[in-house]
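Open the model in your viewer and have the selection tool ready. The tour below goes from one selection to the next.

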Amino acid sequence: MDNLEDRVYTTCDVSFQHDLDYVMNKSLRGYSFRESKDSSLVQVDSKKNQLQSYERTKQNNKFVVGAATLVVMFGSAGILELFHLTDNTVGVVVVIALTIITAVVSHLMVSGPSDVFVMKIDNTNCRLYQLRVLADDKWCIVCGANFDHHNNLINHDFIAEVEATYSDLIIMDQMESVEETDEGIIIHANTILRKYEPDKPFNKYTELEGMLRMDIVIQRGVYPENMLDEIAEEIK
């Protein structure tokens, strides 16, 4: 997926204030991210290698689909020939049907979800995000908040009264897996994406239509070392 701005957003069923209270008052644990001393060049190379590996996997999957389809097609034709059914219309239809079914099933088994958005949190943008583990066993990523994971306001003008706010909220509604690699953490989840656009008195709070399959990649070093240990129970 290239650009979330091209997707359709609709008015959210819940208010921004509802979600803000939900995040700030229902958090069991919160984690802010900090720039790492690790070389950013290593992370760039890692991303490149991951993309190359992903492309190789896609090509291998295409080969598997094609091979399985050919095996079924010629195998079915051989069986029909053995029983002298090649001139039988029903037999030909059976071969065609089996071939199509095999191609579709093989494709679904090896391709997986095609609509995946990869979000990378690294040295360049880590201060814009925080991870929250919520009381209802959901996780969320808070984007562009003016408060930290302790709910203290940050980077605000002390002269004027400032309200807590954020720009986006990613709710991990269906956690699939969390894995730790040499490069960092990868969270695979189906998510709900909500966007807040303050423009008083017509503040907009919208939600991306449908669930969004997302892989969230967090660079090693930008998250606390004890984070995975503390949330181990939630991962299981």
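Select Asp137 to begin. In this predicted model, Asp137 has a relative accessibility of 62%, so the residue counts as exposed, the cut-off being over 50%. Asp137 sits in the loop between strand S4 (129-134) and S5. Look at the backbone here: Asp137 is not a glycine, yet its phi is positive, at about 70°.

Next, go to Asn151, in the loop between S5 and S6. Asn151 also has a positive phi, near 70°, and is a residue other than glycine. Its relative accessibility is 27%, so Asn151 counts as partly exposed.

Now select Asn146, in the loop between strand S5 (139-143) and strand S6 (168-180). Is Asn146 buried or exposed? Asn146 is buried: its relative accessible area is 14%, and the cut-off is under 20%.

Keep Asn146 selected and show its surroundings. Leaving out residues up to four places away in sequence, Asn146 touches Asn152, Leu153, Ile154, Val162, Glu163, Ala164 and Thr165.

Which backbone atom of Glu163 does the side chain of Asn146 reach? It is the backbone oxygen of Glu163, at 3.0 Å. Then turn to Thr165, where the Asn146 side chain reaches the backbone nitrogen at 2.9 Å. To finish, display both distances together: 3.0 Å to the oxygen of Glu163 and 2.9 Å to the nitrogen of Thr165.

Definitions and conventions:
Residues are numbered from 1 along each chain as its sequence is written. This is a predicted model: local features need pLDDT of at least 70, side-chain atom pairs count only at pLDDT 80 or more; totals for chains, interfaces and linings use all residues. Side-chain values use heavy atoms; hydrogens and water are left out. Helices (H or I, at least four residues) and strands (E, at least two) are DSSP runs, numbered from the N terminus. Buried means under 20% relative accessible area, exposed over 50%, partly exposed in between (1.4 Å probe, protein chains only). Contact means heavy atoms within 4.5 Å. A polar contact is a pair of N or O atoms within 3.5 Å; within protein, one must be able to donate a hydrogen and the other to accept it, and residues adjacent in sequence count only if both atoms are side-chain atoms.
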